[in-house]
2 protein chains.
Amino acid sequence: MTRDRLPRVRLRDVAERAGVSVTTVSFVLNERPGSGISVETRDRVLRVAREMGYRPNAAARSLRTQVTNTIGLISDQIVTDNYGGDLIRGALATALQHDHLLIVVESQDDPEVERHLVEDLLARQVDGIILATITSDRIQLPGIRHGRTVLLNCTSSHALPAILADELGGGREAANALLRAGHRHGIFLVGEVTDTLRPARERHRGVTAALGEAGAELEGMIGCRWWPESAYDAVSTQLSSREAPRALICLNDRVAFGAYQALADAGLRIPDDVSVVSFDDSELARWLRPQLTSVALPYFDMGRIAVESVLGLSQEWAHAPDQEHLVAMPVRERGSIAAPRSGAAPA
Amino acid sequence: MTRDRLPRVRLRDVAERAGVSVTTVSFVLNERPGSGISVETRDRVLRVAREMGYRPNAAARSLRTQVTNTIGLISDQIVTDNYGGDLIRGALATALQHDHLLIVVESQDDPEVERHLVEDLLARQVDGIILATITSDRIQLPGIRHGRTVLLNCTSSHALPAILADELGGGREAANALLRAGHRHGIFLVGEVTDTLRPARERHRGVTAALGEAGAELEGMIGCRWWPESAYDAVSTQLSSREAPRALICLNDRVAFGAYQALADAGLRIPDDVSVVSFDDSELARWLRPQLTSVALPYFDMGRIAVESVLGLSQEWAHAPDQEHLVAMPVRERGSIAAPRSGAAPA
DNA sequence: GTGAAAGCGCTAACAC
DNA sequence: GTGTTAGCGCTTTCAC
């Protein structure tokens with residue numbers, strides 16, 4: 001509210017006050033190399049510009065240079081999501097480092113809105129577009145035809161670069177953490193594995209692969225939704241009907257949370273009776289008691305890489321455009337894993 | 001990566017193809033009232049524009065109109081924060097509704113970065129600036145001199161509009177929830193109250209006020225940091241050394257989480273033995289067992305109001321510029337409050 | 001070493 | 001009803 005925009009100082013104003021032409025001022029301010037401006041003139045222009053509080057008009061400059069130093073980030077609802085923020089933050093920080101600004105928009109998963117947003121972004125001549133989803137995996141692309149577009153945390157049928165978490169590798173990490181502690185038997189996967197949900201599918205595959213290579217295998221699956229409540233119910237049922245598992249691989253921290261509650265209610269101790277490992281490494285992992293060993297989602301890095309790609313300055317990327325770029329998921333070891341209680345004989 | 005920007009269709013291209021002047025096209029496309037364009041011409045222009053995929057160049061338009069339809073949102077690290085996302089989301093959604101785009105930047109609390117960002121935003125002629133913090137409260141303002149600036153979740157010494165959560169009212173809500181259930185005695189506040197941290201200070205004041213009006217009072221304070229671990233320790237200590245409290249008012253959900261753990265370890269049941277009420281209404285509140293009654297942080301609304309203010313279209317706001325605008329914190333009743341076990345005699 | 005001037009794509013006053 | 005044209009503030013070629 002209150003007073004409106006202040007009158008802007010133009011290049012011409014600075015030029016007049018400094019007693020030179022706009023060209024000179026432009027050259028000085030843009031530090032144009034080889035434009036032999038005398039040191040005195042240079043200093044004078046600089047001083048006057050500062051005194052007058054000159055600030056270049058980005059619209060005018062963009063109109064002229066065809067460059068906006070702006071990247072558009074369209075997401076379905078990333079900002080909303082708890083973990084998703086890191087995706088944005090990585091992109092934000094990196095864009096800033098490279099002197100770009102990020103325009104963040106959310107489509108709320110509405111294709112119509114999304115189309116409109118793309119239009120708007122294109123009209124603003126953004127230098128690049130990042131298309132992100134929180135759900136990972138997904139296909140429908142709005143009618144984007146912008147030279148520099150990258151997919152963040154999703155894929156499409158179009159030949160576009162995509163930045164994804166290496167969920168398969170993450171699955172291996174989780175299994176290996178258990179294997180390192182000596183676990184071979186009584187390992188259960190807790191969560192919901194479907195073919196359509198990439199993270200779950202890949203994590204599962206990674207787990208089975210790593211376990212298999214060590215001559216071990218999953219004892220079973222405890223199916224539940226991605227929420228604590230559902231996990232609590234499923235794990236409780238499992239505990240009451242069968243022999244207690246020795247280790248739980250939970251498909252995310254919220255599921256692990258539910259499992260913790262169920263384990264506690266059943267009088268089982270973590271990690272003494274049951275080891276638990278999980279995915280996402282959300283804040284929850286540090287809040288649980290004992291703190292939860294979790295395989296981290298590399299969202300910050302993914303955001304960073306997306307911007308680097310869209311800006312065309314990612315080396316690793318340069319020789320493999322139009323491809324999936326997998327970002328490692330490191331395991332964060334905490335206190336929820338211990339050696340199996342009754343020393344299980346290695347298979 | 002891959003191919004670069006596509007050649008753009010200009011207004012002139014559309015005009016030529018449609019066999020009219022640019023003025024006509026401009027008038028048609030901008031739906032300028034009272035510019036008697038014949039229906040045939042209008043339709044033809046519209047059709048041609050669509051066929052050619054015309055999209056106005058925002059830079060050129062802004063240069064001409066002095067309006068960018070863009071709002072800059074500078075935060076210290078809101079995007080990062082778990083709850084903070086809603087602040088952005090509210091702003092994002094509202095900006096979109098009013099056909100504006102949001103440029104989100106984070107200063108990471110670095111004043112130097114912040115200054116730079118403000119410069120950049122101003123250079124881009126944003127129509128307004130929203131300055132947000134996640135910590136609430138704070139004073140130092142970068143050298144902003146933009147007509148339309150509002151403070152979101154913070155205040156300053158400058159005479160700028162500020163959108164804040166009504167933490168005092170929220171404190172009353174929390175206390176009232178307990179009072180309604182019949183609690184009068186054995187009520188403890190869990191958390192860290194200091195004069196410098198507005199949310200804690202105001203919540204505390206609200207609690208005491210509401211309690212006082214009902215002839216009750218806080219039995220004591222259980223001091224701890226804002227994290228589960230710290231809360232767990234503090235509450236555990238309290239439980240082992242003194243009579244068990246009948247109700248806990250936790251200064252946020254994370255503290256409540258720690259309290260839940262401590263209560264469980266002490267064999268106390270929620271809400272039968274001890275009632276718990278908290279603040280923030282984060283996802284955690286729904287994950288806890290029993291689900292936690294919590295006073296919600298109205299972040300989405302705050303973001304919305306900030307944009308409406310900066311755009312100058314908030315009625316409630318219009319007649320009270322340069323003032324603090326408090327947004328109500330509604331209590332979300334769940335299962336963590338019950339009548340006190342041993343019927344306490346009303347004071 | 002410095003300046004004049006063209007032009008980026010658009011809007012809008014003014015002319016016809 | 002429709003077209004001509006002047007600029008918005010900047011970069012940059014070319015001339016001096």
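1. Contact here means heavy atoms within 4.5 Å. This is a predicted model, in which local features need pLDDT of at least 70, side-chain atom pairs count only at pLDDT 80 or more, and totals for chains, interfaces and linings use all residues. Residues are numbered from 1 along each chain as its sequence is written, chains are lettered from A, and side-chain values use heavy atoms, with hydrogens and water left out.

2. Leaving aside neighbours within four places in sequence, A:Ile130 is in contact with residues including A:Ile71, A:Leu73, A:Val150, A:Leu152 and A:Val310. A nonpolar core is a set of buried Ala, Val, Leu, Ile, Met, Phe, Trp, Tyr and Cys residues joined through side-chain atoms within 4.5 Å; buried means under 20% relative accessible area (1.4 Å probe, protein chains only). In the largest such core, of 98 residues, A:Ile130, A:Ile249, B:Ile130 and B:Ile249 touch the most other members. A second, separate core of 52 residues includes A:Leu284 and B:Leu284.

3. Strands pair if DSSP finds at least two bridges between them. Strand 8 (247-250) and strand 9 (275-280) of chain A are parallel partners over 3 bridges; A:Ala247 has A:Ser275 as its bridge partner.

Conventions
Buried < 20%, exposed > 50% of the residue type's maximum accessible area, 1.4 Å probe, protein only. Helix = DSSP H or I, 4+ residues; strand = E, 2+ residues; numbered from the N terminus.
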